[in-house]
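The text goes through strands and helices, then single residues, then aromatic rings.

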Amino acid sequence: MEYSIVQALGKNYPFLQDLAYDNTEKLCIYGCGVNGELICRYLSNLGKEIDFFVDKQADSREFTVLGKKVISPSAYFEITDDIKVLVSPDNPKPILRFLQDNGVPQKNILCPLKKTEKKIRVLTD
């Protein structure tokens with residue numbers, strides 16, 4: 001049997017557990033897709049509530065996700081001082097760079113994803 005190693009980013013649950021129990025007062029999630037929703041639900045189940053989501057879709061429409069308001073990145077940049085942001089997209093590098101380029105302090109940017117490797121079996125005919 002032939003095997004191959006696949007690398008991907010997965011949610012870092014120990015990191016999220018630690019975050020749920022620390023004294024971070026204000027917390028938001030960048031990205032309101034599946035990862036953002038899962039992270040929000042996970043933290044909520046551990047007793048840590050997020051304040052809002054940040055997503056570029058909010059530039060063109062108002063909406064909520066899981067009962068939380070979604071604001072645009074430009075609105076977030078006006079209030080970044082004491083709010084930590086969890087970057088949830090599967091490919092976080094462009095968002096991390098975007099946040100840093102727009103003046104969000106590095107200490108306020110959190111990436112709850114970690115690189116994982118999985119050994120998979122290659123199927124042949």
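Helices (H or I, at least four residues) and strands (E, at least two) are DSSP runs, numbered from the N terminus. The model is a predicted one, in which local features need pLDDT of at least 70, side-chain atom pairs count only at pLDDT 80 or more, and totals for chains, interfaces and linings use all residues. Residues are numbered from 1 along each chain as its sequence is written, and side-chain values use heavy atoms, with hydrogens and water left out.

**Residue V65**

V65 is part of strand β4. Buried means under 20% relative accessible area, exposed over 50%, and partly exposed in between (1.4 Å probe, protein chains only). With a relative accessibility of 8%, V65 is buried. Contact means heavy atoms within 4.5 Å. Leaving aside residues up to four places away in sequence, V65 touches C32, E37, F53 and V70. The C-alpha atoms of V65 and G36 are 9.4 Å apart in space, while the two residues are 29 residues apart in sequence.

**The sheet and its helices**

Two strands pair if DSSP finds at least two bridges between them. Strands of a sheet pair through backbone hydrogen bonds, either parallel or antiparallel. Here 6 strands form an open sheet with mixed pairing, in the order β4-β5-β3-β2-β6-β7. The edges are β4 and β7 (109-110), each with a single partner strand, so one side of each has no neighbour in the sheet. Strand β6 (residues 84-87) and β7 run parallel and are joined by 2 bridges. Opposite L86 stands L110 in β7.

Helix α2 packs on the sheet and touches β2 (27-30), β3 (52-54), β4 and β6; the direction of α2 makes about 155 degrees with that of β2. Helix α4 (residues 93-101) lies across β2, β6 and β7, at about 155 degrees to β6. For these angles, axes are lines fitted to C-alpha atoms, for helices over the stretch in contact, and angles run from 0 to 180 degrees between N-to-C directions.

L66 is in the loop between β4 (64-65) and β5 (68-71). The phi of L66 is near 55 degrees, a positive value in a residue other than glycine. L66 is partly exposed, at 36% relative accessible area.

**Aromatic rings**

Rings of Phe, Tyr and Trp (its six-membered ring) pair if their centres lie within 6.5 Å; planes under 30 degrees apart count as stacked, over 60 as edge-to-face and the rest as tilted. The count by this rule is 4 aromatic pairs. Y13 and Y42 have ring centres 4.8 Å apart and planes at 65 degrees, so this pair is edge-to-face. Y13 is in helix α1 (residues 13-20) and Y42 in helix α2 (residues 34-45), so the pair ties together parts 29 residues apart in sequence. One aromatic cluster is formed by F52, Y76, F77 and F98.

A charge sits over a ring if NZ of Lys or CZ of Arg is within 6 Å of the ring centre and within 35 degrees of the ring normal.

| Charged residue | Ring | Distance to ring centre |
|---|---|---|
| R61 | F63 | 4.0 Å |
| K119 | Y3 | 4.9 Å |
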